[in-house]
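Here are some exercises to work through with the model open beside you. Try each task on your own, then follow the solution step by step.

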Amino acid sequence: MNKKTGVKILGTGSYFPKKILTNADLEKMVDTNDEWITTRTGMKERHIAAPEEVTSDLALGASLEALKAAKIDASQIDLILVSTITSDMFFPTTACYLQTKLGLKDIPAYDLLAACSGFIYGLANAKAYIESGMYKTILLVGADILSRITDWTDRNTCVLFGDGAGAIVLTASEEDDDIVSVSLGADGSYSPLLYMYGGGSVCPATAESVAAKHHTMTMHGKEVFRNAVPKMVLAAEQALEKSGKKLEDIKLFIPHQANMRIIEAVAKKLNIPMDSVFINIHKTGNISSATTITALDEAIKTGKIKKGELAVLVAFGGGFTWGGAVIRV
Ligand code: UT7
């Protein structure tokens, strides 16, 4: 019998726009304060894209860093996947723009959308393609410019989000199996709790829809919070079960960075000590698709997780969608 094809992580990378928006800056924009934002969310600052920067620019920055870490040339990639809710345009895809910016042609490139769980959905896609032999080397990117779909007059949401991108290069391997397991879930009946109403077939752009701010995010925070905790716990448990690993085997827990209180509640329910939990929410805010991959990249670069060690990635977002993955770095 032939040996099963595994997936090897070749390299990761991140890109953050230069501009930093602090809680003090937000105090000048809406009726909020550093104390509320810090105690209710754990956030201190977030990166904001420059007016001329678009999502594929952030994706390019992260991809170039990931390719450098992977020590391969872009020409070796045979599929590009981009997870985003803020693509450059409604269509064509950000993945197509990224392909051109990387100087590539002809290889398939597409976006996938699962909100904050999108990167983990992307991991599932990439794992399946590589294991089936359909594609060998995949560039997977999570990139979002949430500042473009934020209502900057709404204190309930505008303090929470930021911009950034992360990328990972994955390749087929006979020896390694770094994406040990991925588990996904969704429940569309919760879509009214976190959404952007305008821009799709329900509410095409009109002068009225723009005036009504339908092209910015709406979130019912408390209800989202209530659902995020059990679903992230479930995603971690399911990914662990599929992997055949136990919590004791895991070096680092890397959760979606939407709220420090959510992260603490999930860690408590899973019985994971906080010093085994990766946190960068204070520097990034919630960057949706980019969150788990930029966190993983930082964890690798800062030595919080070392070669051969296992991490659990967990995310939850609009849809609702959720996902967990056990990976070996
Ligand atoms: O990534 C996708 C998934 N997203 C999430 O997981 C986010 C989940 N939700 C949350 O993180 C939290 O629900 C929030 C951070 C959004 C809000 O925290 P909360 O503890 O649920 O606060 P709340 O919405 O119940 O608001 C409490 C109070 C309200 O005032 P009153 O009505 O009690 O007088 C809000 O108006 O805090 C007020 N408030 C603020 N005050 C100062 C809301 N936002 C702010 C603010 N500054 N920025």
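**Exercise 1. Find which strand gives the largest share of the lining of the second largest pocket.**

Step 1. Strand β1 (residues 6-15) supplies five residues, the largest share of that lining. Strands (E, at least two residues) and helices (H or I, at least four) are DSSP runs, numbered from the N terminus. Before going on, note that this is a predicted model, where local features need pLDDT of at least 70, side-chain atom pairs count only at pLDDT 80 or more, and totals for chains, interfaces and linings use all residues. Residues are numbered from 1 along each chain as its sequence is written, and side-chain values use heavy atoms, with hydrogens and water left out.

Step 2. Check the terms. On a 1 Å grid over the protein atoms alone, a pocket is an open set of points where a 1.4 Å probe fits, with protein on both sides within 12 Å along at least five of seven lines; lining residues have an atom within 4 Å of a point. Volume is the space filled by probe spheres set on the points, which are joined across faces, edges and corners.

Step 3. The second largest pocket holds about 260 Å³ of space. Its lining has 13 residues, and I9, L10, G11, K307 and V329 are the closest to its centre.

Step 4. Sort the lining by class: five residues are nonpolar, three polar and five charged. Here Ala, Val, Leu, Ile, Met, Phe, Trp, Tyr, Cys and Pro count as nonpolar, Asp, Glu, Lys and Arg as charged, and the others, Gly among them, as polar.

Step 5. Because domain 1 (6-176) and domain 2 (180-328) both give residues to the lining, the second largest pocket lies between them. The domain bounds come from an automatic or database domain assignment.

**Exercise 2. Work out where the largest nonpolar core lies, and which residues touch the most other members.**

Step 1. A nonpolar core is a set of buried Ala, Val, Leu, Ile, Met, Phe, Trp, Tyr and Cys residues joined through side-chain atoms within 4.5 Å. Buried means under 20% relative accessible area, exposed over 50%, and partly exposed in between (1.4 Å probe, protein chains only).

Step 2. The largest core has 35 residues, of which L123, L170, I254, L313 and I327 touch the most other members. Helix α5 (residues 118-132) gives eight residues, the largest share of this core. Both domain 1 (6-176) and domain 2 (180-328) contribute to this core, so it lies between them.

Step 3. Zoom in on L313. Leaving aside neighbours within four places in sequence, L313 is in contact (heavy atoms within 4.5 Å) with residues including F119, L123, I254 and I327.

**Exercise 3. Decide whether K71 and A115 are buried or exposed.**

Step 1. Locate K71 in the loop between α3 (55-70) and β4. At 75% relative accessibility, K71 is exposed.

Step 2. Turn to A115, in the loop between β5 (109-112) and α5. With 11% relative accessibility, A115 is buried.

Step 3. Compare the backbone. K71 has a positive phi of about 60° although it is not a glycine; A115, not a glycine either, has a positive phi of about 50°.

**Exercise 4. Explain why helix α11 is largely enclosed by the rest of the structure.**

Step 1. Nine of the eleven residues of α11 (residues 291-301) are buried, so the helix is largely enclosed.

Step 2. Among the buried ones are T291, I293, L296 and D297.
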